[in-house]
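Have the sequence and the 3D view ready.

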Amino acid sequence: MRRKLAAGNWKMNGTGHDLSELAALARAHPDPACDILICPPATLLHRAGETTADTAIAIGAQECHAEESGAHTGDISAQMILDAGARHVILGHSERRQNHGESDEDVRAKARTAMSAGLTTIICVGETLAERDAANTLDIIGGQLSGSVPDTATGENLVIAYEPIWAIGTGRVPDPAQIGEVHGFIRSRLERRFGAGVGRSVRLLYGGSVKPDNAADIFAVPDVDGALVGGASLKAADFSPIITALEASG
């Protein structure tokens with residue numbers, strides 16, 4: 001049975017003052033029926049880990065380099081993430097793919113390094129509105145899965161997040177049938193490539209304008225094992241109802 005996962009991506013938001021939100025979230029969910037993960041900026045990784053020590057909240061990073069070390073000014077390595085106390089990393093987010101020109105091959109190389117270091121990788125896939133309107137969604141998702149996911153993936157070190165680019169931060173959300181179609185497609189592709197055991201054990205998250213008022217409907221969709229949440233994860237009062245909805249989804 002796949003344990004549900006509520007993951008929060010703080011993106012380029014948060015300073016030390018905002019760590020109080022993590023403490024509040026931990027108090028609200030001392031023994032959750034799902035996994036809870038927060039991915040703050042790199043500057044907060046260590047302090048976030050200290051804040052959530054001895055709680056049910058895990059900490060992850062938002063990016064890592066494909067190399068273990070070297071002359072890469074401003075980058076962060078998988079070992080640095082581990083040293084800071086984090087055990088997860090988000091890779092291939094659409095904002096990285098668009099704003100930094102990251103290709104599937106770049107994401108695959110980073111994921112391979114992260115997995116080798118012992119990090120659980122959340123690999124993001126998703127289509128643009130133009131690709132959706134052209135009925136190319138499944139082709140795009142299939143290509144991203146093939147190109148971005150390394151052969152070393154297992155049910156323990158891989159999470160896939162489906163984030164339709166046109167829904168991120170816009171308030172627009174695909175209908176349940178659209179979400180179900182993509183998640184079912186991802187599941188079948190993973191089973192075909194890695195076998196039923198691994199394919200069925202990888203958790204699939206939905207991301208894109210997930211909020212307390214739509215979370216329950218999203219979590220009722222088959223093969224949705226949780227969410228990768230952006231803005232709504234910044235405040236415990238906003239993220240907590242989403243976690244509660246995920247717990248209630250069974």
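## A helix with a buried face

A residue counts as buried when its relative accessible area is under 20%. Keep in mind that this is a predicted model. In helix H1, which runs over residues 19-28, the buried residues are Leu-19, Glu-21, Leu-22, Leu-25 and Ala-26. Look down the axis of H1 and these buried residues fall within an arc of 145 degrees, so they line one face of the helix. Here's a handy bit of background: an α-helix has 3.6 residues a turn, so residues three or four places apart point the same way.

## The largest pocket

Roll a probe the size of a water molecule over the atoms, and you see where empty space is left. The largest pocket holds about 540 Å³ of space. It has 18 lining residues, and Lys-11, Met-12, Gln-62, Glu-63 and Arg-96 are the closest to its centre.

Which helix gives the largest share of this lining? That's H4 (residues 94-99), with three residues. By type, the lining of the largest pocket splits into seven nonpolar, six polar and five charged residues.

## The second largest pocket

Next comes the second largest pocket, with a volume of about 200 Å³. Its lining is made up of 18 residues, and nearest its centre you'll find Lys-11, Gly-169, Val-229, Gly-230 and Gly-231. Sorted by type, the lining of this pocket has seven nonpolar, eight polar and three charged residues.

Methods:
Residues are numbered from 1 along each chain as its sequence is written. This is a predicted model: local features need pLDDT of at least 70, side-chain atom pairs count only at pLDDT 80 or more; totals for chains, interfaces and linings use all residues. Side-chain values use heavy atoms; hydrogens and water are left out. On a 1 Å grid over the protein atoms alone, a cavity is a set of points where a 1.4 Å probe fits but cannot get out, and a pocket is an open set with protein on both sides within 12 Å along at least five of seven lines; lining residues have an atom within 4 Å of a point. Grid points are joined across faces, edges and corners, and a volume is the space filled by probe spheres set on the points. Helices (H or I, at least four residues) and strands (E, at least two) are DSSP runs, numbered from the N terminus. Ala, Val, Leu, Ile, Met, Phe, Trp, Tyr, Cys and Pro count as nonpolar, Asp, Glu, Lys and Arg as charged, and the others, Gly among them, as polar. Buried means under 20% relative accessible area, exposed over 50%, partly exposed in between (1.4 Å probe, protein chains only). The arc is that of the directions from the helix axis to the C-beta atoms.
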